[in-house]
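User: I'd like to learn how to read a model like this. Please take me through a few features.

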Amino acid sequence: MPLPDQYDELHGRVVRHLDQIYEYRDNAQLTEQLLSTMGLDRKINIPEAHTSHWDETDIAVITYGNSLLQDGEKPLQTLHRFLSEQLGDAVSIVHILPFFPYSSDDGFAVMEYTQVGDLFGAWPDIQKIATDFKLMSDLVINHCSARSRWFEQLKKGEPPGKDYFIGVSPQADLSQVVRPRTSPLLREVHTPEGLEYIWCTFSHDQPDLNFANPDVLLEFVNIIRLHLEFGVKIFRLDAIAFLWKELGTNCINLPQTHEIVRLLRTLIEHHTPDAIIITETNIPVRENLTYFGNANEAHMVYNFSLPPLLLHALLSGDCHYLKTWIMSMPQAIMGTAYLNFIASHDGIGLRPAEGLLEDSEIDELISTMEDFGGYISWRALADHVNRPYEINISLFDALQGTLAHGPDQWQEQRFICAHTIMLALEGIPAFYIHSLLATRNDYEKLQNSNNNRAINRHNWDVDTLLELLAEDSHHARIYRELKELIAIRRQQPAFHPNASQTVLHLGDAIFAFWREDPEHQQSVYSLSNVTDQLQMINVADINLTPSGLWEDLLSNTVIDNNTSDAPLQLQPYQTIWLSHR
């Protein structure tokens, strides 16, 4: 049993959360149910405030449970073996995208949250991966599958599922509702009580769950505890921004949504103090940053603006927009961090570029991506006009050329440059497995699935992959170089996710910034040529401090900023990391 004062304090905190969510009810009994469901009526762990559960050695890899396939073996077992043998010295965090039974959207229409899908393996396979790596799992919390037992109960008028979804009159004013898709918002469902219209933010196979019903909250707290017990340490709250609905509003980022995130954090970290919440909020940057709260909400937020802005910088040869955005980003305080990524299972989001790139710049980027073999997914606005939502393309193909001249000979250098920048920025770097492997657009899977996102969701036969990695293929060259960069990054205290960061001003052809570790033991100056032309930099213009010998960690070149008059030469898409010796 927990100590009475510990329990009473936690009980009071949870009641305060619930009073903000369900303001017109007595929440004491619900609090007791939540604490019991999490096992916090028997044991409470006290988390330390502002504790960072990460350092410069932390690198994440994002993968589907079946991205790698081996005949006669469950995909999770194949994945574990590949991670252990190939990436065990490179990555510490493994984000396995939804591995539950599902009906569509490559796992994001979950049929049963308490099971591992037979397609992937079983819970012991998950536990083995969680033993060797910090495991991130998706809590697909906004919606479930229309083939779930809950939705079947709705159609039959049976509890509890009949009360788990959001029914809305088709005459209701839904004009303000923000949508990430173009499909109709409401789905007709025949029930014993008549025809109902059920809210579906993403697709008609993904009906939204009704968190205005506290029983739904209890269901998910039970799911969270189960996942913790199977080894999940990081919870990615999928599509969390859409969680709470209130007619007459835009139904995104509502106060109740933020309070539910704070409540889940309170419950999770009192169960497992080093567990982490990350919010998946593919929205404009200012709204995204609000999910940090006051270091009491998400531990990490995705740097969603990085992919489109870095892509634009490398394709245009101009880092002006990237620099402007980086300068506007507040430093994440201890206990919070950015998750940096430039490719994922989804496309390259365009909403996070809104207000950062001009509309004409976005249009030019879209046109070039289509020329490079990519596709565009759309979202519906309130005035029934569709707007580009994301670019669907493999990152390797996206970086095959420039806006002005199309494909060129610098594809691999440009691709490496993108990841070298990501590795040096404030935050934790996350590599999509298909970026590590330089996978190209999968047109066959795209055609078979009729889903634009499938173009970047290839399933590798692991034997074929290992053969390619052993040859002089572009896959092998990229894979080896990225692993070498990761190995160097992991040794630099200045690349701690919470190390300070300052943008340098060396023109728009050079993206440059300075990092210093929290203990002030190391400084690193990162300078990247984002153009296809040789660039010259006067050492004096960098203003290196302190004076003396500096070494490029990537080439082992040494310069003395006291005596060197020769300018630094940066080849097209070359990066240097200058560290004081």
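User: In which sense do strand 3 and strand 4 pair, and over how many bridges?

Analyst: Some ground rules come before the answer. This is a predicted model, where local features need pLDDT of at least 70, side-chain atom pairs count only at pLDDT 80 or more, and totals for chains, interfaces and linings use all residues. Residues are numbered from 1 along each chain as its sequence is written, and side-chain values use heavy atoms, with hydrogens and water left out. Strands of a sheet pair through backbone hydrogen bonds, either parallel or antiparallel. Two strands pair if DSSP finds at least two bridges between them. Here, strand 3 (residues 93-96) and strand 4 (residues 134-139) pair in the parallel sense over 4 bridges. Ile 93 has Lys 134 in strand 4 as its bridge partner.

User: What do the 8 strands close into, and in which order?

Analyst: The 8 strands close into a barrel, with parallel pairing, in the order 1-3-4-7-8-9-10-16.

User: At what angle do helix 13 and helix 17 pack?

Analyst: Angles run from 0 to 180 degrees between N-to-C directions. Helix 13 (residues 411-424) and helix 17 (residues 474-489) pack at about 20 degrees, with their axes 11 Å apart. That makes helix 13 roughly parallel to helix 17 (angles under 35 degrees count as such).

User: Is Asn 250 buried, partly exposed or exposed?

Analyst: Buried means under 20% relative accessible area, exposed over 50%, partly exposed in between (1.4 Å probe, protein chains only). Asn 250 has 29% relative accessibility, so it counts as partly exposed. Asn 250 lies in the loop between strand 7 (232-237) and helix 7 (255-271).

Methods: Helix = DSSP H or I, 4+ residues; strand = E, 2+ residues; numbered from the N terminus. Parallel < 35°, antiparallel > 145°, perpendicular 65-115°, else oblique.
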